[in-house]
Amino acid sequence: MKRELAALAAREWDLVVVGAGIHGAAVAWDAAQRGLQVALVEREDFGAGASWNSLKTIHGGMRHLQRWDVAALRESARERSILLAIAPDLVEPLRFLVPCRGWGATSRAALALGLWLNDLLTYDRNHGLPAERRIPAGRTIGSGAALALVPGLSGAGLAGAASWHDAQAASTERLLLGFVHAAADAGAAVANHAEALELLRRESGRVAGVALRDSLGGGTLELRARLVVNAAGPWADELGGRSGIRRAPLPLLRARNLVLRRALPAPLAVGARSEGRFLFLVPWQGRSIVGTSYEPAAAAPSEPLAFLDEAARALPWAGLERQDLALVHEGLVPGTGGPHGLVTRPRVVDHEREDGLAGLLSLQGVKYTTARAVAQQAVDLSLRRLGQPWVECRTAETPLPKARRLEGALSARAEVAVREEMALTLADAVLRRLDLGTAGPPEPGDLGVVSAAMARELGWDEARERAEQAALAAFFAQRCGPSGLLE
C-alpha cells in the first residue's frame, strides 16, 4: 500500500469512502472487488477510532435473544462464521462460561433454554467450516465441572454454569488491516492521515467529492467522486454539519474495555451480571480484558478504575486489583444513557431519499462483527445509485490472506509496516501494526528498535524521532494504569 495523495486528486472516483474503521475498510474492499473505482481516506490511522476499542470477541449474537431479535442473531452468527473462514490466522473459537445462580435470568433452567434456542436458531452456523473451527452446541454443566474450570467460582446459590462458544480475534488491528490490504489489492487507493474537511458540491447541489487536508504534511486537495460514503463513525455528523447538512446529531456513548496484567486460570471467557448487564473477563495474549462499560460521551469521563472496581465485585473469584490495570481501550459508539441504550441495528442512510441530497450515503455501524454485512448493504445501494451493472458481493467467500501478524525480527517487521502498510507515525506501528502496544506500553528496548527502524525508513531526524516518542508516551500516560506509565 502506498500513500499517494496527489494521485487521489488526479481523477474522479466512482466512490470515495470517508473513514477507515472496520466499516469503511469493509465498504472499500467490497466496492473495489465489485469493480468500482474506490478511494478510502482516514483522518488518523486505519482503525484508530472506535475500532481500536474492542473486547477482541467476535460475537455470534446470542445477546439478541434478550430482545427476540432473531434476524440480528442470525446475522451475527453468519458473520462470525464468515470471519472464522476468511481470516483463520486471526479468528479462533473461544469458550465462554457464565455461572448459574438462583431462579431468575441466570438460573440453570433459564440459561439452558437460552442456549437451546441459540443453537436451534443458528443451526447452519458451521456450514462450510472445517471441524477445528466449528462452533459446538452450548450446554450447562454442574457446579463441580464449573469449579474445575474456574477455581474459586463458588458462591451463594452456585448451580453450575452455562457453557458455549463464540470467537475471538487475536488482533482486531491486524484483522482490520487485512480488510484494508484486500481493498488495495482489489484496486482501491487508500490513504491514512488524510482528513475530510467538507463535502464538495456541484451547482445542482449534488455531492461531488470531498476536500481533504494532509494531517501530516499540511496541504489540502480535492477528491472528486460520483458518490461519497460517509463512514466516519462518531465524526460523521461533524463532516455533515461542516457541509451544511442539518440533522439531529447521533447520540454517543463512551465505551471502555480494560486490559489487565492478570492472566486467567483457563483459556475461556467468564461472565457475570452487574448492574443489569453482563460483564466478561476474556483471556488475551497472556493477559485478560474486562468489558464493557458505557457512559454518555457528552458527560465528563468517569474514572476507569471505578469500572475495574465494579468488575472486581462482579467477578470476585478473579481477585482483580487496581494495580492489574495495564491499558484502557476507549471509543465512541451510538447510544444513549448507558448499556441499555445501545443502538443495536446498523443503518445505511440514503441522503438522496431522506434529505434530497444526491451523491451521499452515510453508514452507521454498531458492531465490529457485522461490519462486512453492513458494507454489503452499502455497496448494494451504491451500485444502484451509480447506475452500475449488478455484481454480486463476494467478500463472504474471499479469504483475507494478509489478515495475519507480521513475522520475523522486530526491526524487519517495523520496516514492512512502513514500506507496505503505511505506518507513518510511531503510534501507527506500535498500536496498529506490530501488536506491541495494544496490551500496554512496550518494553523500552523494543520501542527503541521500532523507532530507529522508522527513522531510517522515513528520514526522521533526532528531533522528529523524539517528538514521535513523546506523542506515544502521552498516549500511554492517558490510557495506562497506576504502574503502567512509560519511564
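Residues are numbered from 1 along each chain as its sequence is written, and side-chain values use heavy atoms, with hydrogens and water left out. In this predicted model, local features need pLDDT of at least 70 and side-chain atom pairs count only at pLDDT 80 or more, while totals for chains, interfaces and linings use all residues.

**Strands**

Helices (H or I, at least four residues) and strands (E, at least two) are DSSP runs, numbered from the N terminus. Two strands pair if DSSP finds at least two bridges between them. Buried means under 20% relative accessible area, exposed means over 50%, and partly exposed lies in between (1.4 Å probe, protein chains only).

Start with strand β9, residues 207-214. Seven of its eight residues are buried, so β9 is largely enclosed by the rest of the structure.

β9 pairs with strand β8 (residues 194-201) in the antiparallel sense, over seven bridges. L200 stands opposite G209 in β9. The hairpin of β8 and β9 has five residues between the strands. There, G205 takes a positive phi near 100°.

β9 also pairs with strand β10 (residues 220-230). This pairing is antiparallel and runs over five bridges. G209 stands opposite R224 in β10. β9 and β10 form a hairpin with five residues between them. In its turn, G218 has a positive phi of about 90°.

From β10 the pairing continues to β17: the two run parallel, joined by three bridges. V229 stands opposite L361 in β17. Strand β17 (residues 360-364) is mostly covered, with four of its five residues buried. β17 also pairs with strand β16 (residues 347-350), antiparallel, over four bridges. Here R347 stands opposite Q364 in β17.

In a regular strand the side chains alternate between the two faces of the sheet.

**Salt bridges**

A salt bridge is a side-chain nitrogen of Lys or Arg within 4 Å of a carboxyl oxygen of Asp or Glu. By this rule the model has 42 salt bridges. The table lists three of them.

| Pair | N to O distance |
|---|---|
| R43 and E195 | 3.9 Å |
| D185 and K402 | 3.1 Å |
| D435 and R405 | 2.9 Å |

The side chains of R43 and E195 meet in a salt bridge. The pair links distant parts of the chain, 152 residues apart. R43 sits in the loop between β2 (38-41) and β3 (57-58), and E195 sits in strand β8. R43 is partly exposed, with a relative accessible area of 26%. E195 is buried, at 13%. Both residues belong to a network of salt bridges that links R43, E44, E195, R213, E238 and R242.

The side chains of D185 and K402 also meet in a salt bridge. D185 lies in helix α6 (residues 172-185) and K402 in the loop between α10 (371-386) and α11 (410-421), so the pair ties together parts that are 217 residues apart in sequence. D185 is exposed, with a relative accessible area of 53%. K402 counts as partly exposed, at 31%.

The side chains of D435 and R405 form another salt bridge. D435 is in the loop between α12 (426-432) and α13 (444-458), and R405 is in the loop between α10 and α11. This pair links distant parts of the chain, 30 residues apart. D435 is buried, with a relative accessible area of 16%. R405 is partly exposed, at 34%.
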